[in-house]
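Welcome, and please open your viewer. This tour tells you what to select at each stop and what you will find there.

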Amino acid sequence: MEHQEHTVIARIADDPAALTRVVSLLRRRGYLLHSMSVGPCEGDAGRRATFVVYAPNARQLLAQLDRLVDVIDARALTTERGLAHAASA
Amino acid sequence: MGMEGGAGGPITGARILCEALVREGVDVLFGIPGGAIMPFYHALPEYPSLRHVLCRHEQGAGHAAEGYARVSGRVGVCVATSGPGSTNLVTPLANAWMDSTPIVAITGQVSSAVLGTDAFQETDIVGITMPVTKHSFLVKAAADIPGAVRAAFHLASTGRNGPVLIDITKDALQARVVPDWDKPLRLPGYTAERRVDDAAVAAAARVLDEAERPLILAGAGVIAAGAHAELRRLAEHTGIPVITTLHGKGAFPEDHPLSLGMAGMHGWVHVNRAIQACDALLNIGGRFDDRVTGKAAAFAPNARIVHIDIDPAEVGKVVRTDVAVVADARDALTALLPRVASRDRSTWRAHIAELRATHEPRQSYRVRPDTAAMMPHDVYAAFDAIARRRGHYRVITDVGQHQMWAAQLLEWREPRVHITSGGAGTMGFSVPAALGAAIACPDETIWVICGDGGFQMTNQEIATLVQENVANVKIAIINNGYLGMVRQWQQLFEGRRYSGTPLSAPDFCLLAEAYGVSAQRVERANDIEAAIERAWDTDGCVVIDFVVEREANVFPIVPQGSSIGEMLTHASATDPVTS
């Protein structure tokens, strides 16, 4: 299946292992991580990870992320650039 | 081992860990001590309700915990020390991960003061096991032990079950604190319960109602959810025939008129043909493993697919799905049952019966090849007859040809009787898993059916059986002197180049006797029945070395990567039977 670009915004647990779990998941499912930034969450516990990743579809990507106990919530924006990229592929 | 602190006073992390396990209802631990986990072993004798079974290898401890969990439905627990003790648990964790088995692994870790310094026997086991655990905890303070244990058991045994690791530093086990047992469980990123979506159930019912040629595919999720009674009601109400995965064996009684048998790489021809012909497929608790689907793009090409699964990530992962019900299988079937119509499906069933009648004579697996050598099939036929008469047994199989013959040639009627390593395909699973199963079910006879290859990987756990006075494990080795399934592939697909598959072995009878269990070698078909009967009646573990035809094959077989419609049914077939 063709991979397209997704921007994911995830809230992850305040645990040294949490970020590794996310990145390790992307690697073993064969999703290419394009860029990532992590910072504190406003008000709430946890940290905010925003990343751009190439994956076959957003639903499967989010479902896999959701299996991680350290991912509190996650949503994806499939960018126009991503769609354009997929269309030209 | 004086009573420290007294009620309400500070106690060591090790005692807190023991107390936490007691609170979770744990009655047995499979493990091996070592430096980092020693404080836990020091506290253990103070908790006589926690039976410790000393295994001979941590892999055995892990598989024993799996065997215990699989037959009982309860969480299995294994214990190891840091470094190699913990890395030896990686295979059972991976196995439990692939087969969604609820186990908790507890590992000792070096003291927090030296963590991250490459200390003696320091291994990043949390990092190593991330891809094969549902979750893991690194606990560096005694006060965090109650919460970690509570969370680990909750995670292992709810939702889609799976393995959880708790890695605890030595100083956390030694420190004394007053445990807080009342801290609420906080897992904001975890959803244990999924409510059945009414609209999805209605859509699923519509697909089934409209179908002329529907099939039910029952997977491990039916057994995990205890939904076999609901499945049976659904099948009988709708008249829809039932096929199973390997792990679905026992989800539906195979002596039922609606039972068709196993699907996939070693499924029956008529089952795979029915999949290719059906117009609706209801998959309950199966994950469309490639051993089931063959070439996924060509799987069930005419069917609308309804998938009931507790894990949303399984929906649409491999096979396109028309309707998904993300829920526990029993909850979903309970909701579905009153909404789906009873219909006459006799024409469809007659069509499948015709397929069965057409193809069965061509399937050499049913026909005993004309050979003087004892065939594996002879062993299974005798075992099936005796087991049916005696009852009260479980069968733990290993991985390979013997495993597929057991799935094909024995009749499975009850859940949690057929236990095997499916997703990971872990040779060496069976003997230690039988140890765990035997302790969980002391009043039943636990049969191991394994190959000579797998047996040589983990048979040292027979010493554990003896030390623990376990008397109800009987081991049948289907001994063909090869890594048989690989040899079969080499025969069928690689021009008989038997590279790395001929396998020597010690005298298994002498080996068994060295361990202190009785043994028998069987080389003639006429002696099979008496050997099985004798083993069943023996008060003690038994090893039977069945020396069988060396080049017997498992048929049918779908070549890897092919559509399940393309099956080889005998070795000389130059043209696969295509649908």
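This is a predicted model: local features need pLDDT of at least 70, side-chain atom pairs count only at pLDDT 80 or more; totals for chains, interfaces and linings use all residues.

Residues are numbered from 1 along each chain as its sequence is written, chains are lettered from A and ligands numbered from 1 in the order in which they are written, and side-chain values use heavy atoms, with hydrogens and water left out.

**Stop 1: where the chains meet**

Show chains A and B together. Here 17 residues of chain A are in contact with 19 residues of chain B (contact means heavy atoms within 4.5 Å). About 1500 Å² is buried between them, and carbon and sulfur atoms give 53% of that; buried area is the accessible area, with a 1.4 Å probe, that two parts lose on being put together, summed over both. Now select A:R21, A:R67 and A:V69: in chain A these lose the most area to chain B, together 45% of what that side buries.

**Stop 2: helix α1 of chain A**

Select residues 18–28 of chain A, which form helix α1. Helices (H or I, at least four residues) and strands (E, at least two) are DSSP runs, numbered from the N terminus. In α1(A), A:A18, A:R21, A:V22, A:S24, A:L25 and A:L26 are buried. By accessibility, buried means under 20% relative accessible area, exposed over 50%, and partly exposed in between (1.4 Å probe, protein chains only). After α1(A) comes A:G30, with a positive phi near 80°.

**Stop 3: B:H135**

Which strand holds B:H135? Select residues 135–139 of chain B: B:H135 is in strand β6. B:H135 counts as buried because its relative accessibility is 5%. Apart from neighbours within four places in sequence, B:H135 touches A:R21, A:V69 and A:D70 in chain A, along with B:L155, B:P163, B:V164 and B:L165.

**Stop 4: two helix pairs in chain B**

Select α12 (residues 269–277) and α15 (residues 346–359) of chain B, whose axes come within 9 Å and cross at roughly 140°. That angle makes α12(B) oblique to α15(B). Axes are lines fitted to C-alpha atoms, for helices over the stretch in contact, and angles run from 0 to 180 degrees between N-to-C directions. Angles under 35 degrees count as roughly parallel, over 145 as roughly antiparallel, 65 to 115 as roughly perpendicular and the rest as oblique. To see the contact, show B:V269, B:H270, B:R273, B:A274 and B:A277 of α12(B) with B:W348, B:I352, B:L355, B:R356 and B:H359 of α15(B).

Next, select α16 (residues 376–390) and α17 (residues 401–409) of chain B; their axes come within 10 Å and cross at roughly 45°. α16(B) and α17(B) are therefore oblique to each other. On the α16(B) side, B:P376, B:H377, B:Y380 and B:D384 meet B:H402, B:W405, B:A406 and B:L409 in α17(B).

**Stop 5: backbone details in chain B**

Select B:N469, in the loop between α20 (461–467) and β18 (473–479). Phi of B:N469 is positive, near 55°, in a residue other than glycine. B:N469 counts as exposed because its relative accessibility is 67%.

Finish at B:P556, in the segment after β20 (542–547) of chain B. The peptide bond from B:F555 to B:P556 is cis, with omega near -5°.
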